[in-house]
Amino acid sequence: MPAPLSVIIPTLNAGDNLQACLTALMEGVETGLITELIVSDGGSLDETPKLADAWGAHIVAGPASRGGQLQRGCAAARGEWFLVLHADTILSAGWTKAVASHFATQKAGYFRLRFDRGGRVVATWANLRARLFGLPYGDQGLLISRALYARVGGYAEIPLMEDVAIARALKGQLIALDAVAVTSSEKYQKAGWVRRGTRNLWTLARYFAGVDVATLARQYRR
């Protein structure tokens, strides 16, 4: 049986993190789970494209926009299932068993979140938010069948909140996988855990209130 899984990773100057992310994915290659790796790059000026090429990735290039990059990456995918990951996320050992057992559900799945350094309170809140409100963020990954992805309309071509938008479209069809995604805490360490966490919540609240996504993206990245 052909390997069913296409892995899609959006990148923008992700050279410092991509190697570790891809190394963790080797478990899926060795078990025959992964059929292809797609790196959807937004114009990286570092070693990201060269590194992706060395790993045998299919590189899709286009403007930098998380939603647009994921839309292009998924459009290029050939597998019956998509696994969307951020470049600074490392899947824990044994993740392939959780993914393979999930295929029978036909629902979408996400990983439990943990940070590589600190952030236990933030991770606990993220996992609770995902479980109670069905809102996992992109750093928790997304496992989704091709059919379900098409049914909900896929990723919106927006610069921010693309993960929340698709999670809302998947309401009632998202379940936690029995595996952990370890994501980088670098952005939280630089900005401060409380400050960045508060900004994330405020941005989410404004998004739900209908504030234009382009405006949110400009203000979020200041």
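Predicted model: local features only at pLDDT ≥ 70, side-chain atom pairs only at ≥ 80, totals over all residues.
Residues are numbered from 1 along each chain as its sequence is written, and side-chain values use heavy atoms, with hydrogens and water left out.

**Stop 1: the cores**

Select Ile8, Leu142, Ile144, Tyr155 and Leu170, the residues with the most contacts inside the largest nonpolar core, which has 32 residues. A nonpolar core here is a set of buried Ala, Val, Leu, Ile, Met, Phe, Trp, Tyr and Cys residues joined through side-chain atoms within 4.5 Å. Buried means under 20% relative accessible area, exposed over 50%, and partly exposed in between, using a 1.4 Å probe on protein chains only.

Now colour by secondary structure; helices (H or I, at least four residues) and strands (E, at least two) are DSSP runs, numbered from the N terminus. Elements that each give this core at least two residues include helix 3 (66–76), strand 6 (108–115) and helix 9 (193–208). Helix 10 gives the largest share, 4 residues.

Zoom in on Ile144. Leaving out residues up to four places away in sequence, Ile144 touches Trp81, Phe82, Ala108, Tyr149 and Leu170, where contact means heavy atoms within 4.5 Å. For the second, separate core of 29 residues, pick Cys21, Leu22, Leu51 and Leu85, which are among its members.

**Stop 2: the pockets**

Pockets are found on a 1 Å grid over the protein atoms alone: a pocket is an open set of points with protein on both sides within 12 Å along at least five of seven lines, a cavity is a set where a 1.4 Å probe fits but cannot get out, and lining residues have an atom within 4 Å of a point. Grid points are joined across faces, edges and corners, and a volume is the space filled by probe spheres set on the points.

Which residues lie nearest the centre of the largest pocket? Show Arg66, His86, Asp88, Lys187 and Arg196, out of 38 lining residues. The volume of the largest pocket is about 1,300 Å³. Its lining divides into 13 nonpolar, 12 polar and 13 charged residues; Ala, Val, Leu, Ile, Met, Phe, Trp, Tyr, Cys and Pro count as nonpolar, Asp, Glu, Lys and Arg as charged, and the others, Gly among them, as polar.

Next, find the second largest pocket, at about 220 Å³. Val122, Trp125, Arg129, Tyr188 and Gly197 lie nearest its centre. Helix 9 supplies the largest share of that lining, 6 residues.

**Stop 3**

**Stop 4: the rings**

Rings of Phe, Tyr and Trp (its six-membered ring) pair if their centres lie within 6.5 Å; planes under 30 degrees apart count as stacked, over 60 as edge-to-face and the rest as tilted. That rule gives 7 aromatic pairs. Show Phe115 and Trp193: their ring centres are 5.0 Å apart and their planes at 80°, so the pair is edge-to-face. Phe115 sits in strand 6 and Trp193 in helix 9, 78 residues apart. Finish on Phe82, Tyr149 and Tyr155, which ring pairs link into a cluster.
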